[in-house]
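Hi,

Here's the structure I promised to pass on.

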Amino acid sequence: MEHHFDDLDQPASVVVGAPSPLVQEILTQLGSRGHHAVSIGGAGFNLDHPDAVEECFAEACGDRRVGVLVHADIPPGAAQPRALMDLDDKGWDLRCESIIRSTLLVFQAAHRRLAAGGSVVLVAPSISLGGEAGLAAWSAAAEAQRNLAKVAARRWGGAGVRVNVVSVPPALLGDDSDTEMGRDSGPTSPAPGEPAATVSAVADLVCMLVGPESRSLTGSTLVADGGSLMVP
Amino acid sequence: MTAPLKDKLLKDKLLKDKLLKDKLLKDKVVLVTGAGGGVGRGIALACAAAGAEVVVTARGASGDETTEMIRAKGGSAHAVRCDVTDRDDVERSVAEALRVYGGLDAMVHNATSRESSQPHALEDASLELWEAHASVSVRGSFHCAQASFGALVETGGTLILLTSPAGIEGSATLPFYGMSKAAQRALVKSLALEWGPSGVRVNGLAPLARTEALDRAFEADETLEARIRSLVPLGRIGEPTVDVGYVAAFLVSDWANYVSGQTLVVSGGRFTLL
């Protein structure tokens, strides 16, 4: 899906994730700021095998380098709360290990195309920071993702590539099947009167992070939840 | 032996005498995975010294050696072969703890992949290598948690996952190790919240410790030990039993009854950012 056309020398800004409201808003905002924004993800996309991920990037980017990678993907149903004792091996893999594998493959595929001075933003659920009952498997995946982003920031900084994390309330990442969580409530929602975390606000932050005004930021985690969670 | 280490070992003797005298872990049953060497063996020895009955699990025969070491010092231990990547193995180990000792107070998941100390590059490391890490540390934690929960509820027990500072700050040279340890750290937090109402505590332990693998690395690089020691404010690398094992014993003990959801970093001051 292409959201903005520009000259062929312009690097692509790749947004990885199912077409959730958040992903759509990030694509829209990147496009409106002059990025050549393309998306990877959704039904029919297989991000669990190196060759498949490579094909996704080739199809989305063609011969373009990648200037921006935004990863905001979770498998359908992964955000549905489930006690750890109620998970079977398949459920564990869906909610935890498959997320880590696909994120790793996306980062590796993107790295092969990343332009000097590029920027990577991982949008991950804030449940990994303080933990969340019923979402243990997903929280484990999210913290592994965040660790991956830190490693990438350390290793790719020499090439001018920055890698940061935006930590958001899990409801912003869940798909439409995650009805138990809701989009306006949940354990990390702010109290009445506090600023809410919205898809628009998070997309703003993502665009800020990939822009020159954030050139000194890398390896950071910004918590975008309206102040519900204040990490030490 | 350096003077600071001599002092430490003297203090350790005093501490061990006190632990033995007080029997901090008297009547506690502790299962330790990967207890055939290194930190796992250190935890098993420390818990036994504090009076616990220890189920020593390891993939191979090295667990028998740890068991003999405990018995030689008058402790109680039972060896079980266990590959934590195999759910049946883990369930059988817990069943052995119940059969031999009648309960389980602590599940300590320490086992790590044999690949854990092999440097690799994030950009081109294979999924097969990730699987080697994940199957032991990440999926192994899942297996240990599910297999032990019922028994831990019965005793008001505790789950302890061995993680690492690399799981907090990331490792440029061991990225998969750090990622798998990070996953365990979040699992600690979430399970502490999920299991707290059942009376089960969940904590993490992130050590910097001298293990057989580290010794081999020192032999391969004569300057490595000095370089690492220079980064540790206390000036030495942790010893698996006296520096790490006793902290694990504390977390198992009733002294830590109100501690849950935490990752204790045991690194001689090397890691202070949390």
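This is a predicted model: local features need pLDDT of at least 70, side-chain atom pairs count only at pLDDT 80 or more; totals for chains, interfaces and linings use all residues.

Residues are numbered from 1 along each chain as its sequence is written, with chains lettered from A and ligands numbered from 1 in the order in which they are written.

Chain A has 6 helices and 6 strands (DSSP runs numbered from the N terminus: H or I of at least four residues for helices, E of at least two for strands). From the N terminus, the order is β-α-β-α-β-α-β-α-α-β-α-β. Of the 232 residues in chain A, 53% are buried, meaning 20 or more other C-beta atoms within 10 Å of their own; 12 or fewer is exposed, in between is partly exposed, and C-beta atoms are placed from the backbone.

On to the interface: 35 residues of chain A are in contact with 34 of chain B (C-beta atoms, placed from the backbone, within 7 Å). On the chain A side, α3 (89–111), α4 (127–130) and α5 (136–156) each give two or more residues, and α5(A) gives the most, with 15.

Lastly, Glu68(B) sits in helix α3 (residues 62–72) of chain B. Glu68(B) is partly exposed because 13 other C-beta atoms lie within 10 Å. Ala79(B) is 11 residues from Glu68(B) in sequence and 9.2 Å away in space, C-alpha to C-alpha.

Cheers

Key. Two residues are in contact if their C-beta atoms, placed from the backbone, lie within 7 Å.
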